[in-house]
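Thanks for coming. Please look at the structure on the screen, and I will go through it in order.

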Amino acid sequence: MSVHHDAVSADLVEAPLGPLRPRQLLLLAGAVVGCAALFAATVGHGYLVNGLQHVPLDQVGGGAYDPEDLPDPPSALIQALGYLAIATAPLAGFVALLVAGADVLQSVHDHRSPREVAPATAVAVLAAVMLAGCVVLSPLATWWLD
């Protein structure tokens with residue numbers, strides 16, 4: 001009985017996982033786009049509705065304009081969704097970048113065709129853009145958390 005378990009364990013360690021399926025890549029891309037859309041619909045919309053695009057971003061992030069003093073305070077549901085967007089956007093981008101990036105590296109190592117590598121590369125680039133957007137728009141998140 002022990003021999004069988006050792007053989008199964010050896011197969012799991014030695015065999016590569018294989019490329020991600022299109023459904024898995026679509027799920028990763030959907031999570032990244034969904035989190036970005038939620039961020040835009042809550043935090044970005046509140047920023048634009050209150051006219052803060054005319055204020056330097058460093059002043060907004062520094063707390064010069066308190067969201068409670070603005071004419072259009074968000075509802076409790078919108079606030080909760082904004083907090084959710086702030087928490088999940090970088091997380092979704094990081095997970096997608098890790099998973100898709102690992103798949104790209106494995107694809108290059110396995111000498112897969114460019115056609116097989118392209119979808120995972122696209123998801124990795126999308127996730128990298130999302131993470132860069134999180135860094136650039138972090139003053140908006142700081143403003144929202146006030």
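I start with a term: a residue is buried when its relative accessible area is under 20%, exposed when that area is over 50%, and partly exposed in between, using a 1.4 Å probe and protein chains only. By that rule Trp143 is buried, with a relative accessible area of 2%.

Now the background. This is a predicted model, in which local features need pLDDT of at least 70 and side-chain atom pairs count only at pLDDT 80 or more, while totals for chains, interfaces and linings use all residues. Residues are numbered from 1 along each chain as its sequence is written, and side-chain values use heavy atoms, with hydrogens and water left out.

Next, the overall layout. The protein has six helices and zero strands. Here helices are DSSP runs of H or I with at least four residues, strands are runs of E with at least two, and both are numbered from the N terminus. Along the sequence the pattern reads α-α-α-α-α-α. Of the 146 residues in the protein, 28% are buried. A contact means heavy atoms within 4.5 Å. Among contacts with a separation of 6 or more, 79% are between residues 24 or more positions apart.

Back to Trp143, which sits in helix H6.

How do H4 and H6 pack? Helix H4, residues 76-109, and helix H6, residues 138-145, meet at an angle of about 145°, and their axes are 10 Å apart. The axes are lines fitted to C-alpha atoms, for helices over the stretch in contact, and angles run from 0 to 180 degrees between N-to-C directions. The crossing of H4 and H6 is left-handed, which means that the near helix is turned anticlockwise from the far one by less than a right angle; clockwise would be right-handed. H4 contributes Ile78, Gln79, Gly82, Tyr83 and Ile86 to the contact, and H6 contributes Ala141, Trp144 and Leu145. By class, that is six nonpolar residues, two polar and no charged. Nonpolar covers Ala, Val, Leu, Ile, Met, Phe, Trp, Tyr, Cys and Pro; charged covers Asp, Glu, Lys and Arg; the others, Gly among them, are polar.

Thr42 belongs to helix H2. Is Thr42 buried or exposed? Thr42 is buried, with a relative accessible area of 3%. Leaving out residues up to four places away in sequence, Thr42 touches Ile78, Leu81, Gly82, Ala85 and Trp144. Leu77, in helix H4, is 35 residues from Thr42 in sequence and 9.9 Å from it in space, C-alpha to C-alpha. Leu77 is exposed, at a relative accessible area of 59%.

Then the largest pocket, which holds about 240 Å³ of space. Its lining has 16 residues, and the closest to the centre are Phe39, Ala89, Gly133, Cys134 and Leu137. H2 (22-49), H4, H5 (114-136) and H6 each supply at least two lining residues. The lining divides into 13 nonpolar, three polar and no charged residues.On a 1 Å grid over the protein atoms alone, a pocket is an open set of points where a 1.4 Å probe fits, with protein on both sides within 12 Å along at least five of seven lines, and lining residues have an atom within 4 Å of a point. Grid points are joined across faces, edges and corners, and the volume is the space filled by probe spheres set on the points.

Last, His111, in the loop between H4 and H5. His111 is exposed, with a relative accessible area of 72%. His111 has a positive phi of about 60° although it is not a glycine. Most residues other than glycine have a negative phi.
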